[in-house]
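Hi,

Here is the structure I promised to pass on.

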Amino acid sequence: MIKKLLEINGISKTYPGVIANSDISFNINTGEVHALLGENGAGKSTLVKIIYGLVKPDSGNLLLNGVPFRPGTPSEARKAGIAMVFQHFSLFEALSVAENISLGMDNPPNQRDLGKKIKSVSESYGLPLDPAKTVGELSVGGRQRVEIIRCLLQNPKLLVMDEPTSVLTPQEVDILFKTLLKLRSEGTSILYISHKLEEIRKLCDTATILRLGKKVDTCTPEKTSTKKLAEMMVGSTIKAPEKLNKPAGRVMLNVNNICCVSKSQFGTSLTNVTFDLRQGKILGIGGVAGNGQDELFAVLSGEQFSQHGSIGLNGINITKFNPNQRRKIGLLSAPEERLGHAAAPNMSLIENTLITAENSQNLVSRGFIDWKKSKAFAEKVIKKFDVRTPGSQNTAGSLSGGNLQKFVIGREILQNPSVFIVNQPTWGVDAAAASSIRQALLTLSENGAAILVISQDLDELLEISDQFAALNGGALSRIEKTADLSMEQIGLMMGGAKDLEVHNV
Amino acid sequence: MDFSSINPALLIASLMVSATPILLAAIGEAVVEKSGVLNLGVEGMMIVGAVVGFIVAVNTDTPLLGFVCAAIISGIFSIIFGILTQYLKSNQVATGLGLTLVGLGLSALLGRPYEGMKSPTLKALEIPFFSDIPVLGKMLFSHDLMIYFSIFLVTLVWWFLKYTHAGMVLRAVGENHDAAHALGYKVVLVRMLAIMFGGATSGLGGAYISLARVPQWTEGMTAGAGWIALAIVVFASWRPWRVLFGAYIFGGVTVLQLNLQAAGASIPVEYLSMSPYLITIVVLVIISSRGNQGAPASLGRPFHASS
């Protein structure tokens, strides 16, 4: 028989100018995996924060096991049996695994007993962990384990997981699913937030779909097609980007045996990376976060120099060129971090356009800024890429993540680069915007540009790239044709399986 | 030149005296920075402690009460910094510099009537048996209470940060305040307490200058001790025992160069006077150049609770 664990009745929450949640009601039953689906800004995070006691709702109530439940703080929520794994991990890199776990508990035992407990629980769920290790040394998958074990040690009745698989390899995803199914069989309920529909269909018993702060539907994901689920999320039909198969042109960018020591303490240094980018082709670089993606991007964009090896663009040796010199000869790049790296948050969109398009669009003459031209170009980007903003005078920081992403990608694409390097083009962007960004990349490649896409979203890479390679521990795997690859092979490439790993000869 | 006038036992004894003000201020600042707050007002809090300690000690003739009041008043003084930076979200660097300026001005005003007076000083503790050991007794066991207290405080801070749950929470707040907040820890409260602790120990350090090291009041008498304490914290990689080590090197070189000056060494006085600053920083830079620096990741970053 089905028992209701958590009843959510008419929850509403308004922030100045935004309705985050509007009259949301649904139930989570004991021992079920319940999916919460929705685009960015649909109100998933706010709802979860309300359940976890981080945000107080304006109206509506929660019933836990039939008793009114109003957590004022996360620790009250934890006491009531609710545990949460955050999307952006709430971990302390300089502290050990045991210390991190103990910080998330209300009555932590002493470190030695806790260490033993961590070992036994983590092994029984197939997620082995060394309690003495510093979290900064762990992979992203390892960090997630820390979060999950932290939750499991408190025997939660409801485990909330916010986008848990976005950073994992397919193999790690399998392990995670096994753990979650084991938990379900033990009677734990799981509230699972994701926008990866295939996963939800595989794992979840029920799905509640939110759109613009309202509940739009509840369904059984197994019996609903992915396409239908996506349309319920977006509220309209989505057109998948089309890929034309054009023959490869000549080599535009030649990267030969580059190495680069990471600047960040917990980063990964690049070792002997070699590849070519051809006109009209997209090379996708996958891999778990923190395996050298940021370093690869920095070396290609010119923010950092390779210690040896060379980078050639169309026959010119650009190994020691800085980003602006590279821009002048047609190599443009769009970094992962939108605010602060790709765009200056407190400057207007016009000024942000000027930053990268100054040379290619002749926006500066004799040392003076041509504001009229800059504004025209910024507005062209806004119009062509459907950036939703009141005007080009608004600051970059005032745009939502997806809109800003469209802006920074559009800004580079409209400069007609001959080589385009992009890191995480659709990270944290909703389905409709992501699809339009991908289409723009494909169009750019059809027009003859050579493109490198670094991404953690495997589906995205499979959708748009012609060739695929994975970064693992700073080394690049063999480059394969995307069309020939199975998910399993990709997982092995990402995990650095020996037979696929190539140490450049 | 006559180096025979330099007595090693006396040198070590006076080294500890000269290092203690900096040690007290630095160990407090280390805790403040471990919680993720950069308080550049150490110099100001020290001099407020120096003047308050002096005034209380002179008027009550009880130096110990002077120290207690110095700690309390400097702790309260640091709350100004805490409220401005933690609740009103002002810039930590600018606010800290402001605190130093206010402290220097305020102390000059309060201290005016006391210029030229002499304060009662703490008596050296006579520890039975230990104080009577030849050489060693004079070197290590005939100091006043505050010197022992400063070493005890270093031990306490080390133990607190390493072994207690509260210490772990403090480190966590300094490491990633958003995560600490998400786990339900009170970031602002933890930081306010750390700031007050730092204020109190800086006050003790200042009072030690005006009540023990130079038992009198002169305007601006801390003379940069607060700044060197800040530098020591950074170059000691935020580790309590290295803070002690750094402070003692500074004290040692200070005393040594004074002795060399007195002995008439042929090195120009200017070089001798700058040597403690240079040598301390060079030594600590060499130590900290290897391996993990251990800077708290949230150091100096403003915290806005997102919900």
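A word on conventions. This is a predicted model, so local features need pLDDT of at least 70, side-chain atom pairs count only at pLDDT 80 or more, and totals for chains, interfaces and linings use all residues. Residues are numbered from 1 along each chain as its sequence is written, while chains are lettered from A and ligands numbered from 1 in the order in which they are written.

**Chain B**

Chain B has 12 helices and zero strands; helices (H or I, at least four residues) and strands (E, at least two) are DSSP runs, numbered from the N terminus. Its C-alpha atoms fill a box of roughly 65 × 50 × 45 Å along the principal axes.

Of the 307 residues of chain B, 48% count as buried. A residue is buried if 20 or more other C-beta atoms lie within 10 Å of its own, exposed if 12 or fewer, and partly exposed in between, with C-beta atoms placed from the backbone. Among the contacts in chain B with a separation of 6 or more, 80% come from residues 24 or more positions apart. Here, two residues are in contact if their C-beta atoms, placed from the backbone, lie within 7 Å.

One helix pair to look at is H7(B) with helix H9 (residues 187-213) of chain B: their axes come within 10 Å and cross at roughly 110 degrees. H7(B) and H9(B) are therefore roughly perpendicular. Axes are lines fitted to C-alpha atoms, for helices over the stretch in contact, and angles run from 0 to 180 degrees between N-to-C directions. Angles under 35 degrees count as roughly parallel, over 145 as roughly antiparallel, 65 to 115 as roughly perpendicular and the rest as oblique. H7(B) brings B:Val169, B:Leu170 and B:Val173 to this contact, and H9(B) brings B:Val187, B:Val190, B:Arg191 and B:Ala194. By class, that gives six nonpolar, no polar and one charged residues. Ala, Val, Leu, Ile, Met, Phe, Trp, Tyr, Cys and Pro count as nonpolar, Asp, Glu, Lys and Arg as charged, and the others, Gly among them, as polar.

**Where the chains meet**

Between the chains, 14 residues of chain B are in contact with 18 residues of chain A. On the chain B side, helix H7 (165-175) and helix H8 (177-182) are the elements that give two or more residues. H7(B) supplies the largest share, six residues. The chain B side divides into seven nonpolar, five polar and two charged residues.

**Chain A**

Strand S3 (residues 33-37) of chain A is mostly covered, with five of its five residues buried. A:Val33, A:Ala35 and A:Leu37 lie on one side, A:His34 and A:Leu36 on the other. S3(A) runs parallel to strand S8 (residues 189-193), joined by four bridges, and A:Val33 has A:Ile190 as its bridge partner in S8(A). Strand S9 (residues 206-211) of chain A also pairs with S3(A) in the parallel sense, over four bridges; there A:Ala35 stands opposite A:Ala207. Two strands pair if DSSP finds at least two bridges between them.

Chain A also has an open, antiparallel sheet of four strands in the order S12-S11-S14-S15. Strand S12 (270-278) and strand S15 (316-317) stand at the edges with a single partner strand each, so one side of each is left without a neighbour in the sheet. Strand S14 (residues 310-313) and S15(A) pair over two bridges, and A:Gly312 has A:Asn317 as its bridge partner in S15(A). Helix H9 (residues 293-301) of chain A packs on this sheet, touching strand S11 (251-260) and S12, and its direction makes about 60 degrees with that of S12(A).

Finally, A:Asp130 is in the loop between helix H4 (111-124) and helix H5 (140-152) of chain A. With 15 C-beta neighbours inside 10 Å, A:Asp130 counts as partly exposed.

Best wishes
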